[in-house]
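Grab a pencil and work through these exercises on pockets, interfaces and cavities. Each task comes with a step-by-step solution.

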Number of protein chains: 2
Amino acid sequence: MRIGELSTVSGVAVATLKYYLREGLLHPGVATAVNQAEYDDSHVRRLRLVRVLLQLGHLSIDEVRTVVAAVDDESLSIHRAFGVAQDAMVTARDRNHPRYAAALADVDDLVSRHGLRVRPDAAVRLMLADAVMTFEQLGLDSLLGQPRLSAFDDLLPTIRDLADAQVASVPVDVTRTEQMEFSVVGTIAFEVAYAALRRLALEHASAVRFEPRRTPRRKD
Amino acid sequence: MRIGELSTVSGVAVATLKYYLREGLLHPGVATAVNQAEYDDSHVRRLRLVRVLLQLGHLSIDEVRTVVAAVDDESLSIHRAFGVAQDAMVTARDRNHPRYAAALADVDDLVSRHGLRVRPDAAVRLMLADAVMTFEQLGLDSLLGQPRLSAFDDLLPTIRDLADAQVASVPVDVTRTEQMEFSVVGTIAFEVAYAALRRLALEHASAVRFEPRRTPRRKD
């Protein structure tokens with residue numbers, strides 16, 4: 001298909017498509033004439049990935065470029081590429097903070113306590129360390145348990161079940177690129193879904209605590 | 001304290017403090033002379049809130065301003081103010097999308113099925129609808145269950161327990177402003193923590209599926 005049709009099919013404006021091509025977020029089409037190229041389903045799928053990362057994941061253009069490069073780098077195993085993509089999706093705050101090392105040590109304790117196979121330099125460790133430091137700065141360390149992060153010990157099996165189910169749902173009968181796209185998009189989409197579910201539950205909990213109904217409903 | 005000391009205590013540069021003052025993210029100090037003002041603990045706490053929203057929550061300046069205004073608006077009940085703050089923390093993608101209404105109807109079904117007290121116009125509904133539409137666009141509807149979103153039914157009680165615990169942990173013996181700051185920061189910090197835990201679990205699950213160890217470890 002030509003670029004105009006790609007725009008129609010994907011719902012992305014032609015100017016935006018050209019921007020993505022320039023920025024390397026979208027691979028070039030096959031040139032058919034001067035200033036003319038053919039696009040296919042791989043472009044439609046790639047646009048889906050890019051849009052999800054930008055709009056749902058709030059990644060920057062640079063971060064999306066890194067994810068896309070990992071998806072496309074056939075020299076990386078699926079697992080390794082997923083690691084690179086996960087790293088690109090982390091924007092850690094302040095790696096020079098004096099408490100960072102201690103917070104990271106807590107994270108690494110949690111990881112080894114639960115026997116998780118996580119790369120020793122995985123960036124997602126920094127994401128959890130960021131949250132830990134935030135609790136610390138607020139004087140809310142006690143919410144993290146003792147040893148620190150042990151407050152999450154009971155929850156982790158549930159979270160692992162969800163993660164296992166997501167990874168198990170990656171289809172086998174598709175290309176490596178499609179498996180990667182599925183994995184990355186799934187990571188973001190489920191993350192937003194779970195966060196939204198929790199915020200709905202928080203609103204309910206806030207209503208119950210701070211605005212209890214005057215007349216409790218009776219079961220008649 | 002003077003602005004220089006506020007900078008030292010909070011770790012925020014003086015130029016940034018002035019920017020926050022101009023943008024209304026930080027309330028003015030008490031003027032003590034021309035071009036001189038006194039700041040106090042309320043400014044230190046407010047900066048903590050602003051930094052968490054900007055750096056951990058990735059909110060825009062406008063979104064932070066809305067949250068801060070809700071925190072400060074004493075005419076709003078705690079519950080109502082928390083709702084306004086939650087709404088400001090949602091950046092929904094495409095409210096004109098043809099599938100939006102259907103996705104929102106699914107969300108509202110879930111909310112009423114679980115008896116959640118959520119405002120009929122709460123923006124967090126749009127956040128979940130966004131995720132639903134993403135699954136749809138990827139042809140992954142089946143992951144959502146039938147009726148749609150029923151795939152989350154078993155998980156919701158766990159999520160509600162976590163939300164209840166967070167709301168219960170909001171201290172009673174502090175000002176309304178501090179309660180609000182606690183609630184908003186807690187929402188973001190726990191959200192990042194849970195998302196990070198899930199990404200750690202995903203990396204593990206990916207390792208197990210895509211790079212199984214050649215020699216399984218034995219328990220000797």
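**Exercise 1.** How much space lies in the largest pocket, and which residues are closest to its centre?

*Solution.* Start with the volume: the largest pocket of this predicted model holds about 750 Å³. A pocket here is an open set of points on a 1 Å grid over the protein atoms alone, where a 1.4 Å probe fits, with protein on both sides within 12 Å along at least five of seven lines; lining residues have an atom within 4 Å of a point. Volume is the space filled by probe spheres set on the points, which are joined across faces, edges and corners. Next, the lining: it has 32 residues, and A:G57, A:H58, A:E191, B:G57 and B:H58 are the closest to the centre. Then sort them by class: 17 are nonpolar, 7 polar and 8 charged (nonpolar is Ala, Val, Leu, Ile, Met, Phe, Trp, Tyr, Cys and Pro; charged is Asp, Glu, Lys and Arg; polar is the others, Gly among them).

Before moving on, some ground rules: residues are numbered from 1 along each chain as its sequence is written, while chains are lettered from A and ligands numbered from 1 in the order in which they are written. Local features need pLDDT of at least 70 and side-chain atom pairs pLDDT 80 or more, whereas totals for chains, interfaces and linings use all residues; side-chain values use heavy atoms, leaving out hydrogens and water.

**Exercise 2.** What is the area buried between chain A and chain B, and how many salt bridges cross the interface?

*Solution.* First, the area: about 8000 Å² is buried, 69% of it from carbon and sulfur atoms (accessible area, 1.4 Å probe, that two parts lose on being put together, summed over both). In chain A, the residues losing the most area to chain B are A:R117, A:R198 and A:R199, together 12% of what that side buries. Second, the salt bridges: the rule finds 6 (a Lys or Arg side-chain nitrogen within 4 Å of an Asp or Glu carboxyl oxygen). One pairs B:R199 with A:E191, their closest N and O atoms 2.8 Å apart. A:E191 also turned up among the residues closest to the pocket centre.

**Exercise 3.** How many cavities of 30 Å³ or more does the structure hold, and which residues lie nearest the centre of the largest?

*Solution.* Count them: there are 3 (in a cavity, the probe fits but cannot get out).
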